[in-house]
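The following is a walk through a predicted model. The sequence and structure come first, and the local features are then taken in turn.

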Amino acid sequence: MTCEERLAALGLTLPPLPKPAFDYVPAVVERGLVWVSGQLPRDAEGNLPVLGRLGAEVDVEEGRRAAALCALQGLAALRSVAGSLDAVARVVKLTGFVASATGFAEQPRVIDAASNLMGQVFGEAGRHARSAVGVAMLPRNVPVEIEFVFALRDGG
């Protein structure tokens, strides 16, 4: 089963890749690695359906939903430079940033939703290194932002 078929079996589709609002690109291929810029939790229409900080305006389940949306955006950015998700040899690293109210300490649980999705799409090759970091605020008041590193088959 291809990665795209696994996504379809999960009832998921990759969203359109939004044009960057600032001076950067969504993803860069360098020496067989795809470095995906921090992705915000956009829905299929490009909206940001969840706003605020975890432990204040946003609960853990909403944060997990936001992390999964970031993962789908990351896969869309990956596909835009790799041509296909099946070009991926493995997921190398996720770095998740969670906008957190004082005292909120469930960042790993929130980012785990993105990690779970990588495993569902890539199988064993979806297991990766990870950081889950609490921050005071994120762009556009989103609760989660995630950046990714993927290794391509045959060195890209």
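Val28 sits in strand 1, which covers residues 27-30. Its relative accessibility is 39%, so Val28 counts as partly exposed, the limits of that class being 20% and 50%. Together with Val25 and Trp35, Val28 makes a nonpolar surface patch of about 280 Å².

The loop between strand 1 and strand 2 holds Arg31. Arg31 is not a glycine, yet its phi is positive, about 50°. Most residues other than glycine have a negative phi. With 76% relative accessibility, Arg31 is classed as exposed because the cut-off for that class is over 50%.

Arg42 is buried and has no salt bridge; Asp43, the nearest side chain of opposite charge, is 7.5 Å away. A polar atom of the Arg42 side chain does lie 3.0 Å from the backbone oxygen of Gly46.

Helix 2 spans residues 60-82. At its start, a side-chain oxygen of Asp59 comes within 3.1 Å of the backbone nitrogen of Glu61. Gly83 follows helix 2 and has a positive phi, near 90°.

Another positive phi, about 65°, belongs to Asn141, which is not a glycine. Asn141 is in the loop between strand 4 (129-135) and strand 5 (144-152). Its relative accessible area is 32%, so Asn141 is partly exposed.

Terms used
Residues are numbered from 1 along each chain as its sequence is written. This is a predicted model: local features need pLDDT of at least 70, side-chain atom pairs count only at pLDDT 80 or more; totals for chains, interfaces and linings use all residues. Side-chain values use heavy atoms; hydrogens and water are left out. Patches are made of residues with over 30% relative accessible area and no salt bridge: like charges are joined within 9 Å, nonpolar side chains (Val, Leu, Ile, Met, Phe, Trp, Tyr) within 5 Å. Accessible areas come from the Shrake-Rupley method with a 1.4 Å probe; for residues, only the protein chains shown count as cover. A salt bridge is a side-chain nitrogen of Lys or Arg within 4 Å of a carboxyl oxygen of Asp or Glu. Helices (H or I, at least four residues) and strands (E, at least two) are DSSP runs, numbered from the N terminus. Buried means under 20% relative accessible area, exposed over 50%, partly exposed in between (1.4 Å probe, protein chains only). The expected span of a helix is 1.5 Å times one less than its number of residues. A polar contact is a pair of N or O atoms within 3.5 Å; within protein, one must be able to donate a hydrogen and the other to accept it, and residues adjacent in sequence count only if both atoms are side-chain atoms. Lys and Arg count as positive and Asp and Glu as negative; His and the chain ends are not counted.
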